[in-house]
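The sequence and structure come next.

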Amino acid sequence: SYFAPTNLMPFHGYGATLGASLPWLWGPARAQRDADRYDAESNAATARGAKLRARAELVFALGRVRQAEARVVALGGAALAAARRAQAVALAAYEAGQGDLLGVLAAEQAATEVEVEHLAAETELEHAVVDAERIVGGRIV
């Protein structure tokens with residue numbers, strides 16, 4: 001390059017420019033390395049997310065199993081026994097002439113509803129166990 005003389009620089013000047021490419025600083029290798037690092041971080045985050053979702057799904061399924069178990073125990077134990085006792089008392093009162101047929105039928109209906117709810121709870125428990133076993137990939141009982 002040529003630099004003409006000016007008031008501030010009263011002599012002729014010459015210069016040379018040299019250019020070089022440093023791919024390890026700003027070339028495609030650095031961009032590829034960064035992309036690989038971001039890709040690895042993304043894959044790790046995706047794996048952590050999938051693991052957390054699977055764990056949450058399992059906890060939810062096991063919660064459903066516990067809830068269904070409690071419902072089966074509650075309906076199969078005291079509730080069913082009480083409904084059958086009420087049914088027997090209503091029938092005994094009717095046979096003794098101290099009750100009416102509507103009382104017997106109401107007690108029968110209540111006992112039947114408790115039995116149906118108990119069967120529904122057992123079915124719900126079986127479904128909850130199957131869902132939990134699907135998540136685990138094997139038997140849980």
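Which residues form a nonpolar patch on the surface? In this predicted model, the patch is formed by Leu91, Tyr94, Leu101, Leu102 and Leu105. Together they have about 500 Å² of accessible area.

## Surface patch

Helix 2 (28-95) and helix 3 (101-136) are the elements that give two or more residues to the patch. Helix 3 provides the largest share, three residues.

Leu91 is a member of the patch and lies in helix 2. Its relative accessible area is 39%. Leu91 is therefore partly exposed, since that class covers values between the 20% limit for buried and the 50% limit for exposed residues.

## Nonpolar core

The largest nonpolar core has 10 residues in all. Its members are Ala61, Val65, Ala68, Val72, Leu75, Ala121, Leu125, Ala128, Val129 and Ala132. Helix 2 and helix 3 are the elements that give two or more residues to this core.

Ala68, one of the core residues, is in contact with Ala121, Glu124 and Leu125, leaving aside neighbours within four places in sequence.

## Histidine 118

Is His118 buried or exposed? His118, found in helix 3, has a relative accessibility of 14% and therefore counts as buried, the cut-off being under 20%.

Not counting residues up to four places away in sequence, His118 touches Val72, Leu75 and Gly76.

Key:
Residues are numbered from 1 along each chain as its sequence is written. This is a predicted model: local features need pLDDT of at least 70, side-chain atom pairs count only at pLDDT 80 or more; totals for chains, interfaces and linings use all residues. Side-chain values use heavy atoms; hydrogens and water are left out. Patches are made of residues with over 30% relative accessible area and no salt bridge: like charges are joined within 9 Å, nonpolar side chains (Val, Leu, Ile, Met, Phe, Trp, Tyr) within 5 Å. Accessible areas come from the Shrake-Rupley method with a 1.4 Å probe; for residues, only the protein chains shown count as cover. A salt bridge is a side-chain nitrogen of Lys or Arg within 4 Å of a carboxyl oxygen of Asp or Glu. Helices (H or I, at least four residues) and strands (E, at least two) are DSSP runs, numbered from the N terminus. Buried means under 20% relative accessible area, exposed over 50%, partly exposed in between (1.4 Å probe, protein chains only). Contact means heavy atoms within 4.5 Å. A nonpolar core is a set of buried Ala, Val, Leu, Ile, Met, Phe, Trp, Tyr and Cys residues joined through side-chain atoms within 4.5 Å.
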